[in-house]
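Dear colleague,

Please find below the structure I am handing over to you, followed by an account of what was found in it. I would be grateful if you would read the two side by side.

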Amino acid sequence: MFGRLIHYGFDAFLLSAFLAGVKRSTGLTPAVSRVPDKDIRHILESYLELGEYAFDFAVVFFGRSQFFERRR
């Protein structure tokens with residue numbers, strides 16, 4: 001039971017980071033402003049901010065690694 005909860009939490013974390021990557025590369029983001037409940041909207045905004053943080057961390061981490069290079 002506890003392992004499944006950890007697994008779902010990690011999957012949600014990865015989905016949030018994926019959505020941050022989509023936002024950075026295309027500008028598309030979930031329409032959180034259309035959620036009518038203020039509390040749920042705040043939770044969704046916090047969830048998406050977590051993905052932004054994870055994405056930024058991954059970019060810095062991979063950018064400092066010798067195994068990755070920037071191509072433009």
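A salt bridge is taken here as a side-chain nitrogen of Lys or Arg within 4 Å of a carboxyl oxygen of Asp or Glu. The structure is a predicted model, in which local features need pLDDT of at least 70 and side-chain atom pairs count only at pLDDT 80 or more, while totals for chains, interfaces and linings use all residues. Residues are numbered from 1 along each chain as its sequence is written, and side-chain values use heavy atoms, with hydrogens and water left out.

Four salt bridges are found in a search of the whole structure. One of them joins Lys-23 to Glu-52, with the closest N and O atoms 3.8 Å apart. Lys-23 belongs to helix H1 and Glu-52 to helix H2, 29 residues apart; helices are DSSP runs of H or I with at least four residues, numbered from the N terminus. Glu-52 also forms a salt bridge with Arg-24, the closest N and O atoms being 2.8 Å apart. Arg-24 in turn meets Asp-56 in a salt bridge (2.8 Å, N to O). Since Arg-24 lies in H1 and Asp-56 in H2, this pair ties together parts that are 32 residues apart in sequence.

As to accessibility, buried means under 20% relative accessible area, exposed over 50%, and partly exposed in between (1.4 Å probe, protein chains only). Glu-52 is buried at 16%, whereas Lys-23 at 39%, Arg-24 at 43% and Asp-56 at 33% count as partly exposed.

Turning to the helices, the axes of H1 and H2 come within 7 Å and cross at roughly 75°; axes are lines fitted to C-alpha atoms, for helices over the stretch in contact, and angles run from 0 to 180 degrees between N-to-C directions. H1 and H2 are therefore roughly perpendicular to each other, a term that covers 65 to 115 degrees.

In H1, Ser-16, Ala-17, Ala-20 and Gly-21 are buried. The buried residues of H1 pack against H2 (38–64). Ser-16 has a relative accessible area of 1%. Leaving aside residues up to four places away in sequence, Ser-16 touches Tyr-47, Leu-48, Leu-50 and Gly-51, where contact means heavy atoms within 4.5 Å. Just after H1, Gly-27 takes a positive phi of about 85°.

Yours sincerely

Conventions
Helix = DSSP H or I, 4+ residues; strand = E, 2+ residues; numbered from the N terminus. Parallel < 35°, antiparallel > 145°, perpendicular 65-115°, else oblique.
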